[in-house]
Each structure stands twice: as C-alpha cells, then as structure tokens.
Amino acid sequence: MSVKTISVVQDLLATNKRAAAAIREELRRRGILGVNLLSSPGSGKTTLLEALADRFRDRRRMAVIEGDIETERDADRIRAKGVPAWQITTGGACHLEARMVGKVLGQVPAEIDFLFIENVGNLVCPASYDLGEDLRLVLLSSPEGDDKPAKYPQAFLSADALVLTKSDLLPHLPFDPARAAAEALAIKPGLRVFNVSALRGEGIDALAAYLDEALERLRSVRA
Ligand SMILES: Nc1nc2c(ncn2[C@@H]2O[C@H](COP(=O)(O)OP(=O)(O)OP(=O)(O)O)[C@@H](O)[C@H]2O)c(=O)[nH]1
Ligand SMILES: [Mg+2]
C-alpha cells in the first residue's frame, strides 16, 4: 500500500518536473527571470511584491502570478500597483504546480523583466514543486519565530535566498535574525540572506539589487 503511494507521488513530481523544465526554457528564451516566493500564510509575500513594484517602477517591468486557495485578493492588490497579475485559485490544494503556471504563461507579456510567482501560503508542500523559476525566495517573518528553518528544512534547502521580513517588529519580539540566518545557512550553505521591512521600505534596495544581478546573469548566459 505505502509502496504504491510513493510511486504515485514520484509520478506526480516527475510530471511536474517536465512541465517546469518547459516553463524555464520558455522564460530563459524570452530573457525573463522567474522568481518563486515561498512562505507561511501572512509572512508578507504580497506586501513584499507591492514594495518591489514601487521600487522597480519606471526601471524594470514585472508581472505576477498569484497562488491562493481562494479569492482574487492578492492579484487585485498587485494590479492596484499597475502591475499585470493573474490569480490562480487551487480550490484547496496547498501548493502551485508547474502545469497551473504553464496555463497562464501565454498571457504574460513578452517584454517583462521579472515574473514573480507567489506560491500558496505554506512552508511545506510548495518546496517540492519546481515551477520553472530561476530563483526561489523563502520568506520568514519575525512573528513566526527564529526556530523555523530547522523545523521546515526543505523550504530553506530548496531556496536561493532567505528574506527575513517584518524587521520593524523586531523590537517587540524575541526573534533573533542572526539565529534564523545561522539555522538556514546550516541547512543551505551559501544561501543569501536579506532583512527587510516592506512596510517601511527597509532592505528593499538590497533585495532589488540582488534580483537585478540575477536577471543580468540570466541574460548574459543567454547572449
Ligand atoms: N509590521 C509589518 N507588517 C507587515 C510587513 N509586511 C507585511 N505585513 C503585514 O502582514 C500581513 C500579511 O501580509 P501579506 O503580504 O498579505 O502576507 P502573504 O504572505 O502574502 O499572505 P498569504 O498570501 O495569505 O500567504 C498584512 O497585515 C501586512 O500588512 C512588514 O514589513 N511589517
Ligand atoms: Mg499573499
């Protein structure tokens, strides 16, 4: 019984991997950097994207695919910033899959620089699903606690960068950013770490510069 279950999961992941590879190839061909954002519900993914939309305005073009179980709320927030956004509602599934992203990809303008994909709020299942992105950001907010990387290692292992969010709340919380970063780095050496407060705009410049560098790298390899 358990052997059958494992093989079904492996089939699902293999199918997802093929769809993800096609998306990655298409994005690279167009010179677009795909960025997948993972975190628990409410860690600040959409607020961070709103802050990046403000930061990139007039300089970089971005589009956003939003993943949620229900509602169009996050896509509406992004559209309010003048950024094209598509909402995928999973109807209960706890993560996005590459085939869902693939269905929207044809509508994404060819001339953008960044395609952000905000995954369903969940620190577990999204980690196993490649969406064809070139960069994966995992967010951890200060109210969640600095002990989370070791408890949810796959999300941190699969990420390229850790974004510690809501730094404006640090004076009020027993959250040690150095401990959170050290735990994450023990799981994934080389992980880039950013401290941000999207609410106050702190740390957004450094993150935007990191995204710029990744985009330039992608385009130089392609050239
Ligand atoms: N104090 C503080 N609050 C923040 C910050 N960023 C986001 N928030 C608040 O945190 C709450 C959740 O933010 P969202 O951006 O909606 O979080 P999310 O990760 O997109 O949530 P889901 O899409 O539901 O998973 C909102 O009330 C935000 O205003 C921040 O930098 N500082
Ligand atoms: Mg959101």
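Modeller: Quick ground rule before we start: buried means under 20% relative accessible area, exposed over 50%, and partly exposed in between, with a 1.4 Å probe and protein chains only. Also, this is a predicted model, where local features need pLDDT of at least 70, side-chain atom pairs count only at pLDDT 80 or more, and totals for chains, interfaces and linings use all residues. Residues are numbered from 1 along each chain as its sequence is written, chains are lettered from A and ligands numbered from 1 in the order in which they are written, and side-chain values use heavy atoms, with hydrogens and water left out.

Colleague: Fine. Are Phe-194 and Tyr-210 buried or exposed?

Modeller: Phe-194 is buried, and so is Tyr-210.

Colleague: How many aromatic pairs does a search of the whole structure find?

Modeller: Three aromatic pairs turn up. Rings of Phe, Tyr and Trp (its six-membered ring) pair if their centres lie within 6.5 Å; planes under 30 degrees apart count as stacked, over 60 as edge-to-face and the rest as tilted.

Colleague: So what makes the pair of Phe-194 and Tyr-210 tilted?

Modeller: Their ring centres are 5.1 Å apart and the planes sit at 50°, so the pair is tilted. The pair links distant parts of the chain, with Phe-194 in strand E7 (residues 192–195) and Tyr-210 in helix H8 (residues 204–222), 16 residues apart. Helices (H or I, at least four residues) and strands (E, at least two) are DSSP runs, numbered from the N terminus.

Colleague: Which residues form one aromatic cluster?

Modeller: Phe-56, Phe-114 and Phe-116 do.

Colleague: Why is strand E4 called largely enclosed?

Modeller: Five of the five residues of E4 are buried, so the rest of the structure largely encloses it. Phe-114, Phe-116 and Glu-118 cover one side, Leu-115 and Ile-117 the other.

Colleague: And what makes E1 largely enclosed?

Modeller: Six of the six residues of strand E1 (residues 33–38) are buried, so E1 gets that label too. Leu-33, Val-35 and Leu-37 point one way, and Gly-34, Asn-36 and Leu-38 the other.

Colleague: How do you know that E1 pairs with E4?

Modeller: Two strands pair if DSSP finds at least two bridges between them. Five bridges join E1 to E4 (residues 114–118), and the two run parallel; Asn-36 has Ile-117 as its bridge partner. Four bridges join E1 to strand E5 (residues 135–141), again parallel, with Leu-38 opposite Val-138.
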